[in-house]
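Hello,

Here is the structure we talked about. Please open it alongside this message; my notes follow below.

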Amino acid sequence: MTGLAHITLSVRDRDASIEFYRSVLGFKEYKTRDGKQWLLTECRHPCGVVLGFIQHKDQFKATFDHRRTGMDHVAFQVGSLGELDYWEDRLTELDIDHSPIVHSDNGSMIQFSDPDGIQLELFCPAELGSDVA
């Protein structure tokens with residue numbers, strides 16, 4: 001393997017998800033392919049991460065629950081503790097409910113959720129955070 005190609009998230013409302021990831025995290029829509037039973041759009045972040053958002057027409061309308069088998073959360077890495085501070089301020093300004101910055105031996109993080117309740121994390125590894133006083 002040479003890397004991660006993309007992650008596709010099942011969502012209740014594709015357009016609402018695209019708007020959230022665009023306005024909050026800076027993703028840009030670049031490819032849409034709709035089928036008879038689903039709506040799919042892929043978005044790319046300037047750092048290269050590709051997220052797909054698929055809305056199945058026969059979905060169950062339930063919100064995400066990290067305790068079910070499958071994905072627990074998606075973590076995006078930031079480059080420094082200063083960037084994590086920036087994101088904490090940004091999430092507050094956008095009135096997005098989030099955890100405070102939590103520090104551990106592994107690194108520091110902020111947790112929040114998207115419109116479907118999918119848990120998201122902004123993470124600064126300890127080795128990057130140690131460069132910031």
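Strands β7 (residues 107-113) and β8 run antiparallel and are joined by seven bridges. This is a predicted model.

F76 has L122 of β8 as its bridge partner.

Is β8 enclosed or open? Five of the seven residues in β8 (residues 119-125) are buried, so the strand is largely enclosed by the rest of the structure.

Now the helices. The axes of α1 (residues 14-25) and α2 (residues 81-93) come within 11 Å and cross at roughly 130 degrees. α1 and α2 are therefore oblique to each other. On the α1 side, the contact is made by S23, V24 and L25. On the α2 side, W87, R90 and L91 make it. By class, that contact has four nonpolar residues, one polar and one charged.

Next, the loop between α2 and β6 (102-103), where D95 is found. D95 is not a glycine, yet has a positive phi of about 60 degrees. Its relative accessibility is 71%, so D95 counts as exposed.

Last, the annotation. An unreviewed UniProt entry lists residues 3-125 as "domain: VOC". Over residues 3-125 the chain is 20% helix and 37% strand. The end C-alpha atoms of that stretch are 19 Å apart.

Best wishes

How values were computed:
Residues are numbered from 1 along each chain as its sequence is written. This is a predicted model: local features need pLDDT of at least 70, side-chain atom pairs count only at pLDDT 80 or more; totals for chains, interfaces and linings use all residues. Side-chain values use heavy atoms; hydrogens and water are left out. Axes are lines fitted to C-alpha atoms, for helices over the stretch in contact, and angles run from 0 to 180 degrees between N-to-C directions. Helices (H or I, at least four residues) and strands (E, at least two) are DSSP runs, numbered from the N terminus. Angles under 35 degrees count as roughly parallel, over 145 as roughly antiparallel, 65 to 115 as roughly perpendicular and the rest as oblique. Contact means heavy atoms within 4.5 Å. Ala, Val, Leu, Ile, Met, Phe, Trp, Tyr, Cys and Pro count as nonpolar, Asp, Glu, Lys and Arg as charged, and the others, Gly among them, as polar. UniProt positions are given in the numbering used here, feature names are shortened, and annotations may be inferred rather than shown by experiment. Buried means under 20% relative accessible area, exposed over 50%, partly exposed in between (1.4 Å probe, protein chains only). Two strands pair if DSSP finds at least two bridges between them.
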